[in-house]
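Subject: The structure I promised you

Hi,

Here is the structure I said I would send over. Open it up and keep it beside you while you read my notes below.

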Amino acid sequence: MAATAAPAPAGTPAPVLPPAAAPPGDQAARETLEDYTLRFAPRSYRRWSPMVVATTALGGIAYMADFSIGAGIGLAHGTGNALAAILVAAVVIFVTGFPLAYYAARYNIDLDLITRGSGFGYYGSVLTSVIFASFTFIFFALEGSIMAQGLELGLGLPLWLGYLISTLMVIPLVIFGMKALSRLQVWTTPLWLLLMVAPLVYLVATDPGSVDRFLAHPGTGGDGSVNTASVLLGAGVCLSLIAQIGEQIDYLRFMPPKTRANRRAWWTAVVTAGPGWVVLGAFKQVIGVFLAVYLLAGTGPATATEPIRQFTGAFDAMLPSWLVVPLAVALVVISQIKINVTNAYSGSLAWTNSFTRITGRYPGRMVFVLVNLGFALALMEADMFSFLNAVLSFYSNCAIAWVVTVATDIVVNKHLLHLSPHAPEFRRGMLRAVNPVGVVAFTVASGLSIAMYFGALGGTLQPYSPVAAAALALLLTPLTAVATRGRYYLRRTDDGIAEPMYDSEGNPSATVLGCHVCRQEFERPDLAACATHDALVCSLCLSTDRIGDHLLPPQPVRT
């Protein structure tokens, strides 16, 4: 954070800088400045290179659930259907994730802030924040369950104790935000990749017949043929991971400004660590199918979906017996730590964001770290792992509807129809409370697809619930924008500050101005003029203004 405010142009309310004593709200403001919780991430904080940001973001997809997901689909539907399902899901996730990743990296805001201005409105996006928070504790529970299985096998610990250990051990790591997480992810990624890839390469090289058995596996009661219903059922499970782009964005928002000098590295990092995460994710799912088929003859399908058993069997073929279990447990523990610090971190941001908007109070992110971990621990103790595919298939309908709605608003409503403001807006007072464009599209798409999933529209349509979620969101988002003529996006077009929002290269301005409420300094995009003082107010102070004293009045918005 810069120490001295840049001079504001004529016509800009003068910033009120701190006197000797700060007001009570100053503590809440300071708590958000470690990783810019709920805020625009300023240029002064974004000192990492594109490669470091990308490596940190990709470190967050070290989860082991992919192996279980792939194994479950492959054992149930056969390898051919599993590979087709994984490919279909990967294409959808990549295409929808690209515009979200670009907006996060270009404008330095997280997915909730993007969602606010992309069809949902200031309060309407609370709905999707809860959906995303649910994603983080569901997958925390899955990873924690996998780690507990590893601790049970390696150390003989009962599962309940493994669940507790896997939950508590991430708390110290997630307290410090991006600075600590970047170090953790960069240093552990090479070891994780080596442990994951080495056994696969060894098995293929020493037992070529394993590839033929893998490709020929017919699935439970199947004949090995590829059919649409099986592919879509499998894709529905894989598409539950579509919300992972939100966790990638929690890191991508710290990308440095895009310039002519760094544009190649910038784009490489955004594509690789944004939608590109799904390439590695799909590869892991395929490995999961391969290892499950490889283990079928020895251990049976009951344990072939457990990653600890998969890698124990793989390591057993290439290493001395005394080294097998320790290495398998090490892989599981490293993976669990890498992903679950991200789950706890991102979940805490989503819960805090929702709570602050609804109540006008900022309780501190650590409160919701504990809330998120509590939900995850409850799911683990309820043995969520045993009905993994059912949970993910249900959840995917909500996740698909949300992500496709926001992606469609960015691509179609902003860039093709020009009904949605091109640049994202997230500040209270600038946005309408609820925008029917996103809320209607999401509600109808998720509601109807969930009904299909539970068979309300007949068994024939049941496998098509993910398709319905995506198609309805894709169709209803522009239709609702056209029907409302884009009138419900903005409450105001002028935030009362003469200083331009963006520099000559289109990056958010780095000009530093002061908030007269919390008496902290922030960069231009994080502030708006105050309605009652000749001064500026930051986005968090606007969010915690319970009586609306600082909000500028609405103004007619041209459409």
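You'll find Arg 519 in the loop between S1 and strand S2 (521-523). Before we go further, please keep in mind that this is a predicted model.

What is the phi of Arg 519, which is not a glycine? For Arg 519 phi is positive, about 60 degrees. That deserves a second look because most residues other than glycine have a negative phi. Arg 485 is another such case: a non-glycine residue with a positive phi, here about 55 degrees. Arg 485 belongs to the loop between helix H21 (465-484) and strand S1 (512-514), and with 49% relative accessibility it counts as partly exposed. The cut-off matters here: a residue has to be over 50% to be called exposed.

Now for the rings. How many aromatic pairs does the structure hold? The total is 25. Take Tyr 45 and Phe 254, whose rings make a tilted pair, 5.5 Å centre to centre and with 55 degrees between the planes. Tyr 45 comes from the loop between helix H1 (26-31) and helix H2 (50-59), while Phe 254 comes from the loop between helix H12 (244-252) and helix H13 (263-273), so this pair ties together parts that are 209 residues apart in sequence. Both Tyr 45 and Phe 254 are buried.

A second tilted pair is made by Phe 355 and Phe 368, with 5.4 Å centre to centre and 50 degrees between the planes. Here Phe 355 sits in helix H17 (residues 321-359) and Phe 368 in helix H18 (residues 365-381), so the parts tied together are 13 residues apart in sequence.

One aromatic cluster is formed by Phe 98, Tyr 102, Tyr 103, Tyr 107, Trp 266, Trp 267 and Tyr 502.

Next, the helices. Two packed helices are described by the angle between their axes and the distance between the axes. For H17 and H18, the two helices that hold the Phe 355 and Phe 368 pair, the packing angle is about 115 degrees and the axes are 8 Å apart. That makes H17 roughly perpendicular to H18, and their crossing is right-handed.

Compare that with helix H6 (residues 126-155) and H7, which pack at an angle of about 125 degrees, again with axes 8 Å apart. H6 and H7 are therefore oblique to each other. The crossing of H6 and H7 is right-handed.

While you have helix H7 (residues 159-168) on screen, which of its residues are buried? They are Gly 162, Tyr 163, Ser 166 and Thr 167. These residues span an arc of only 130 degrees around the axis, so they lie on the same side of H7.

Last, a few places where the chain comes back to itself.

- Val 341 lies in helix H17 and counts as buried at 0% relative accessibility. Val 341 and Phe 140 are 201 residues apart in sequence, but their C-alpha atoms are 8.9 Å apart in space.
- Leu 113 has its place in helix H5 (residues 111-120) and counts as buried, also at 0% relative accessibility. From Leu 113 to Leu 38 it is 75 residues along the sequence and 7.8 Å in space, C-alpha to C-alpha.
- Ile 131 lies in helix H6 and is buried, with a relative accessible area of 12%. The C-alpha atoms of Ile 131 and Ala 399 are separated by 7.1 Å, although the two residues are 268 apart along the chain.

Cheers

Technical notes:
Residues numbered from 1 in each chain as written. Predicted model: local features only at pLDDT ≥ 70, side-chain atom pairs only at ≥ 80, totals over all residues. Heavy atoms only, no water. Phe/Tyr/Trp six-rings, centres within 6.5 Å; stacked < 30°, edge-to-face > 60°. Helix = DSSP H or I, 4+ residues; strand = E, 2+ residues; numbered from the N terminus. Buried < 20%, exposed > 50% of the residue type's maximum accessible area, 1.4 Å probe, protein only. Arc of directions from axis to C-beta. Axes fitted to C-alpha atoms, helices over the stretch in contact; angles between N-to-C directions. Parallel < 35°, antiparallel > 145°, perpendicular 65-115°, else oblique. Left-handed = near helix turned anticlockwise from the far one by under 90°.
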